[in-house]
Amino acid sequence: MASQPALSPITFRSATQEDCAHLVLFADMATRRLTSFLWSQMAAPGQSAFEVGRNVIRNAEGHFTHFANWRVAGHQGQVVGALDGYVIPEPSNSALPAPDVVAPLNELKNMTAGTWYISAAAIYPEHQGKGFGSMLLAEAESIARSAGNNRLTLMVGSFNPGVYRLYQRCGFAESARRPFLVFPGSDEGEWILMVKDVSLKF
């Protein structure tokens with residue numbers, strides 16, 4: 001069924017600590033459970049992966065998922081989605097070792113160092129199909145331009161064809177693929193790097 005346009009645009013604001021419970025869910029939705037799997041590896045016995053994730057998002061100022069990097073989308077007084085992004089740094093030999101499951105993602109990121117990267121973009125299921133996803137991407141484009149960056153990048157799984165088509169409709173083009181390394185309960189397929197030129201054309 002074709003998506004219906006939203007009755008009114010969503011509004012955006014900077015995230016606060018009070019949003020962290022939402023942000024934990026959006027981060028995990030956007031990564032198809034990858035973030036909660038990684039959080040579970042950090043959890044103490046009996047500790048919830050989402051408790052770990054909330055602590056990271058709330059308190060780890062240097063981490064890319066810290067709430068200060070998020071924009072929250074609202075509609076008619078409700079939180080409907082959110083967007084997290086940052087500029088991908090140049091590869092560094094001094095970087096800390098990463099879990100094997102994220103190696104394909106990091107390889108793709110290293111190919112696009114310096115771009116403004118959409119780390120997470122998600123809309124709650126009850127608010128999907130209203131055009132909000134396109135509005136999230138437009139907000140990311142605006143942020144990238146404001147930061148003086150003319151290339152926008154993101155990852156999507158080959159197992160998520162609806163979102164892949166959304167990105168194509170919004171002007172993203174496929175750049176490269178790497179195998180998705182499975183973990184308990186995960187999807188199977190490939191990570192797809194997508195790129196969009198957001199420089200202003202005159």
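A: Rings of Phe, Tyr and Trp (for Trp, its six-membered ring) form an aromatic pair if their centres lie within 6.5 Å; planes under 30 degrees apart count as stacked, over 60 as edge-to-face and the rest as tilted. The structure, a predicted model, holds 10 aromatic pairs. Trp39 and Phe50 make up one of them, an edge-to-face pair with 6.2 Å from centre to centre and 70° between the planes. This pair links distant parts of the chain, since Trp39 belongs to helix H2 and Phe50 to helix H3, 11 residues apart. (Helices are DSSP runs of H or I with at least four residues, strands are runs of E with at least two, and both are numbered from the N terminus.) Residues are numbered from 1 along each chain as its sequence is written, and side-chain values use heavy atoms, without hydrogens and water. Local features need pLDDT of at least 70 and side-chain atom pairs pLDDT 80 or more, while totals for chains, interfaces and linings use all residues.

Phe50, at 33% relative accessibility, is partly exposed.

Both residues also touch helix H1. On the H2 side, Leu34, Thr35, Ser36 and Trp39 meet Val24, Ala27 and Asp28 of H1 (contact means heavy atoms within 4.5 Å). The residues of this contact are four nonpolar, two polar and one charged (Ala, Val, Leu, Ile, Met, Phe, Trp, Tyr, Cys and Pro count as nonpolar, Asp, Glu, Lys and Arg as charged, and the others, Gly among them, as polar). H1 covers residues 20-30 and H2 residues 34-42; their axes come within 6 Å and cross at roughly 115° (axes are lines fitted to C-alpha atoms, for helices over the stretch in contact, with angles from 0 to 180 degrees between N-to-C directions). H1 and H2 are therefore roughly perpendicular (65 to 115 degrees; under 35 is roughly parallel, over 145 roughly antiparallel and the rest oblique).

On the H3 side, Phe50, Gly53, Arg54, Ile57 and Arg58 meet Cys20, Leu23, Val24, Leu25 and Asp28 of H1. Here the contact residues are six nonpolar, one polar and three charged. H3 covers residues 49-59, and it packs against H1 at an angle of about 110° with the axes 9 Å apart. H1 and H3 are therefore roughly perpendicular as well.

Most residues other than glycine have a negative phi. Arg32, however, has a positive phi, near 55°, and Arg33 has a positive phi near 80°. Arg32 has a relative accessible area of 28%, so it is partly exposed. Arg33 is at 40% relative accessibility and therefore also counts as partly exposed.

Methods:
Buried means under 20% relative accessible area, exposed over 50%, partly exposed in between (1.4 Å probe, protein chains only).
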